[in-house]
Amino acid sequence: MSKPERSFLDWVIMGLLAALVATNAALLILLRTGGPLIGLGFYLVLLVLSFRSRRRAHRWALVGGLLGLAVHGVEVAKLGWSDYPVPVALNLALPAALALAAWAVDREPQQAAGNR
């Protein structure tokens, strides 16, 4: 039995996770603090899970997107914008897009089953 093909949204989720890994790596280099290192590790684990497992990986991506959005939102609210507004804005926008894409994957089978 062959593995099913990845959907477009699966690839979008992996792309968003890769962008979050790159953004946190850039912030780690720029800021030299522990926060981006935690984000880098977190999103790297989610990327590996998404790449290796097609089953429940989108649920982890949904949780990761919501968690990332909450953490980065609190950071901006408490600390304000840093000297590097583009990576900070990406750290807000990319988790939101990740959560939306993962939610859409979760809704996809339910819609298909409802149309029958």
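Okay, some ground rules. The model is predicted, so local features need pLDDT of at least 70 and side-chain atom pairs count only at pLDDT 80 or more, while totals for chains, interfaces and linings use all residues. Residues are numbered from 1 along each chain as its sequence is written, and side-chain values use heavy atoms, with hydrogens and water left out.

Let's start with the core. A nonpolar core here is a set of buried Ala, Val, Leu, Ile, Met, Phe, Trp, Tyr and Cys residues joined through side-chain atoms within 4.5 Å. Buried means under 20% relative accessible area, with a 1.4 Å probe and protein chains only. The largest core has 17 residues, and among those touching the most other members are Ile 13, Leu 17, Tyr 43 and Leu 98. H1, H2 and H4 each supply at least two residues of this core, and H1 gives the most, with 7. Those labels are helices, meaning DSSP runs of H or I with at least four residues, numbered from the N terminus. As background, nonpolar side chains in soluble globular proteins tend to be buried together.

Now zoom in on Leu 17. Skipping residues up to four places away in sequence, Leu 17 touches Tyr 43, Leu 46, Leu 47, Ser 50 and Leu 98; touching means heavy atoms within 4.5 Å.

So, is Ser 50 buried or exposed? Ser 50 counts as buried, because its relative accessibility is 7%. Ser 50 is found in helix H2, residues 34-52, and its contacts, again leaving out residues up to four places away, are Arg 6, Ile 13, Met 14, Leu 17 and Ala 57.

Over to helix H4, where Pro 87 lies. Pro 87 counts as buried because it has 15% relative accessibility.

Last stop, the largest pocket. Which helix gives the most to its lining? That's H3, with 7 residues. H1 (8-31), H2, H3 (57-79) and H4 (85-114) each supply at least two lining residues.

That's my tour, thanks!

Key
Buried < 20%, exposed > 50% of the residue type's maximum accessible area, 1.4 Å probe, protein only.
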